Structures are given as C-alpha cells and as structure tokens.
Amino acid sequence: MVLADFLIATAAILGFISLFKNLLAFARWLHAAFLRKPKDLRDYGSWAVVTGATDGIGKALVFELASKGLNLVLVGRNPSKLEATSRELSDRFGATTEVKTVVADLAKLSGEEIAAAIAGATEGIDVGLLVNNAGLSYPYAMYFHEVDRELMESILRVNLNAAVWVTKGVIDGMLKKKRGAIVNMGSGSALYISSFPLMALYASTKAFLATFSRSISLEYERQGIDVQCQTPLFIATKMTRLKRQHVFIPSAEIFSRASVRWIGYDRMCNPYWSHSVQAFVTRTLDAIIVWGLERHMKGWREARERRISRSSNMVTHHEIS
Ligand SMILES: NC(=O)c1ccc[n+]([C@@H]2O[C@H](COP(=O)([O-])OP(=O)(O)OC[C@H]3O[C@@H](n4cnc5c(N)ncnc54)[C@H](OP(=O)(O)O)[C@@H]3O)[C@@H](O)[C@H]2O)c1
C-alpha cells in the first residue's frame with residue numbers, strides 16, 4: 001500500500017512537472033510570437049546587407065527592413081532585377097532609405113571573390129545586419145542521382161559557400177565595433193523532420209547552416225554579435241511554386257514581418273506562428289510525416305512526368321497530322 005501510494009505520488013509529481021514545463025514553453029512561445037517588442041535594428045548599425053534580395057523572402061525582407069529605418073545593400077545575380085528592386089524601394093521610401101546594389105552570382109564566384117565583393121561594397125558604411133537569404137532548391141522532387149552536376153554545384157555554392165563567405169566579408173567590421181546581427185535563412189526541412197527524401201541535398205545544406213549558426217552564435221555572443229538561424233516551413237514564393245497563400249503557407253511579405261520581429265533574439269527560431277504549430281505536429285508525428293512526405297514528393301514527380309509525356313504526345317500528334 002505504502003509503495004503504491006509512493007508510486008502514485010511520484011507519477012503525479014512527474015506529471016505536474018512535465019505539464020508545468022510544457023505550459024511554460026507555450027507561454028514563452030506566445031510571448032515571443034505575439035507580444036515581445038522587436039529590437040530596434042538601427043542599434044546594430046544603419047545598414048543591412050541582404051543576399052537574394054530580388055525575389056521572394058529576400059525582396060520582402062528589404063522592404064520590411066527599410067520600413068524600420070535601415071539602409072540597404074542588395075546582393076543579387078540579376079542586374080535588372082536589382083535595379084527594379086532598388087527603384088521600388090526609392091519609390092516607396094524616398095530619400096530616407098539609401099540603397100546600394102552588388103551584382104554577384106553566388107553560384108559562379110569563388111568564396112574569396114564573394115567576400116571581396118561584399119567587403120568592397122560595405123567599406124566605410126556601418127553594417128549592422130547581414131541576412132544570408134539567397135537559396136536554391138531542386139526545380140522538382142528528385143532522387144540524388146538525378147541531380148545534375150551543375151545544379152548540385154550551384155546548390156552547394158549558393159546555400160553553403162556563399163553564406164559562409166558573405167559572413168566572412170562582414171564579420172571583421174562587426175567585431176571591430178562590437179555590435180551586429182547575422183541571420184541565416186535555414187529551413188524547417190532540416191530541423192523538424194528526421195529526413196527529407198527527394199530533396200536531400202537542399203535539406204542537408206540547411207542542416208549545415210543551422211549548425212554553423214548555432215556554433216558561431218556562441219563564439220560571438222559576448223562580442224555583441226547576435227547570430228540566428230531562422231527555420232521556416234512553406235512560404236508562397238518562386239522557390240516553392242506555391243501560388244496560393246493561406247494560414248499555413250504565408251506570403252513572403254507576411255513571413256518577412258514575422259522574421260524581422262525575431263532578429264536579435266533566439267539562436268534558432270521559426271518566426272511565423274503557424275509554422276511553429278506545424279513544426280510541433282511534424283516533430284510529434286515524425287515517422288508518419290516522413291512517410292507522407294515521401295509519397296507526396298513521389299506524387300509530385302509522377303504528376304510532372306505525366307505532364308511532360310502528355311505534352312510530348314501532343315507534339316507527336318501535331319507532327320503526324
Ligand atoms: N519559400 C519557402 O518555402 C522557404 C522555406 C524555408 C526556407 N526558405 C529559404 O528562404 C530563402 C529564400 O527563399 P525564397 O523562397 O524567397 O526563394 P526565391 O523566391 O527563389 O528567391 C531566392 C533569391 O535568391 C536569389 N538567388 C538564387 N540563386 C542565386 C545566385 N546564384 N546568386 C545570387 N542570388 C541568387 C534569387 O535571385 P533571382 O531573383 O535572380 O532568382 C532570389 O533573389 C532560401 O534560402 C530558402 O532556402 C524558403
């Protein structure tokens with residue numbers, strides 16, 4: 001009887017501790033997602049460098065950062081898209097926002113060339129924030145052996161190499177003034193599920209970014225530099241080809257508003273609230289989610305193959321008739 005009472009009391013205490021821990025985590029998340037005051041990013045410095053600033057999340061982010069009073073260095077590979085983004089910024093924000101552009105194809109330049117281009121463009125300006133946002137994925141679900149060498153090289157260069165070398169290009173300046181923030185755009189594909197079949201290389205580069213960010217965050221946190229890896233889930237952009245946004249798949253603009261609110265806080269974060277809910281479910285049901293994901297990716301491939309075969313049949317039919 002005494003043993004039974006003891007076991008019941010122990011189970012009750014453990015249950016209470018676990019419940020309390022979860023409630024505390026939930027309250028902390030609610031506070032961070034909706035109530036916490038965003039940092040004044042100008043305290044890090046008056047300029048932000050954003051890679052991949054010509055489309056999707058990067059483009060939305062530069063508008064959000066400009067609205068917070070930052071000047072911008074836009075890094076992109078396409079001169080006319082850079083010019084257009086720069087013009088849109090000056091139309092919206094006028095002389096209050098200064099904009100510089102750096103044309104750099106991050107899949108083509110060597111690491112040293114990338115660091116030199118960034119260091120050159122930022123010489124003499126007070127860079128407070130770097131967002132390593134540029135990223136590349138597969139055009140559709142692919143087995144690893146199907147990823148051609150050029151695409152493989154580009155993914156490794158843009159997602160890994162460029163992020164590391166651009167960081168190299170700004171970190172000395174941040175260290176000198178003992179303030180700065182670096183945001184690396186990771187992905188939930190590397191964090192909330194144990195594997196990502198048919199998107200292996202992409203997800204693996206994002207796992208690298210997460211470890212790189214966490215590690216240098218510890219190296220520099222006492223020197224005034226806040227390093228963070230953001231790990232969003234699906235967002236409606238060119239990369240995902242998702243056109244319809246809804247509560248589970250935000251637009252780049254909605255995501256970027258959440259993203260900016262988190263800069264300077266947690267080492268790892270998933271800024272958009274419904275992505276956090278999805279990540280929680282995904283983590284809890286990992287095996288089922290990975291199984292469903294693999295089926296979905298294969299379905300995506302098959303639909304594409306059917307489309308290609310239908311259109312080649314139509315061409316043959318036209319040629320015959
Ligand atoms: N969308 C999502 O669901 C999602 C989810 C998690 C994480 N992310 C991450 O978020 C980041 C932005 O993704 P996104 O969805 O906004 O993609 P996106 O719409 O395809 O935009 C990617 C940006 O990167 C630039 N870029 C690509 N290759 C480049 C290169 N070789 N040199 C220089 N710039 C290059 C693109 O330039 P162009 O304008 O010239 O194409 C564009 O500005 C990526 O790191 C991605 O992995 C996205």
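Let me begin with a term: a residue counts as near a molecule or strand if its C-beta atom, placed from the backbone, lies within 6 Å of it. With that in hand, which residues come nearest to the ligand? There are 28 residues around the ligand, and Gly52, Gly56, Gly135, Thr237 and Met239 come nearest.

A word on the source, everyone. This is a predicted model, where local features need pLDDT of at least 70 and side-chain atom pairs count only at pLDDT 80 or more, while totals for chains, interfaces and linings use all residues. Residues are numbered from 1 along each chain as its sequence is written.

Back to the ligand. The shell around it holds 12 nonpolar, 11 polar and 5 charged residues.

Now the whole chain. The C-alpha trace spans about 80 × 65 × 35 Å along its principal axes. Of the 321 residues, 36% are buried, where buried means 20 or more other C-beta atoms within 10 Å of the residue's own, with C-beta atoms placed from the backbone.

On to the strands, which pair if DSSP finds at least two bridges between them. Let's walk across. Strand E1 (residues 47-51) pairs with E4 in the parallel sense over 4 bridges, and Ala48 stands opposite Leu129 in E4. Strand E4 (residues 127-132) then pairs with E5, again parallel, over 4 bridges. Here Leu130 faces Ile182 in E5, and Asn132 stands opposite Asn184. Next, E5 and strand E6 (residues 225-230) run parallel, joined by 6 bridges, with Val183 opposite Gln228.

How does the chain cross from E5 to E6? The path goes through helix H6 (residues 200-220), in a right-handed β-α-β crossover. Right-handed means that, with the strands pointing away from the viewer, the path from the first strand over the helix to the second runs clockwise. E4, H5 and E5 also make a right-handed β-α-β unit.

Are the residues of E5 buried or exposed? In E5 (residues 180-185), 6 of 6 are buried. Gly180, Ile182 and Asn184 point one way, and Ala181, Val183 and Met185 the other. In general, side chains in a regular strand alternate between the two faces of the sheet. E4 is mostly covered as well, with 6 of its 6 residues buried.

Last, the core. A nonpolar core is a set of buried Ala, Val, Leu, Ile, Met, Phe, Trp, Tyr and Cys residues joined through C-beta atoms within 7 Å. The largest one has 70 residues, of which Val49, Val50, Val62 and Leu72 touch the most other members. Helix H5 (residues 149-177) supplies the largest share, 9 residues.

Terms used
Buried ≥ 20, exposed ≤ 12 C-beta atoms within 10 Å, placed from the backbone. Helix = DSSP H or I, 4+ residues; strand = E, 2+ residues; numbered from the N terminus. Nonpolar A, V, L, I, M, F, W, Y, C, P; charged D, E, K, R; others polar.
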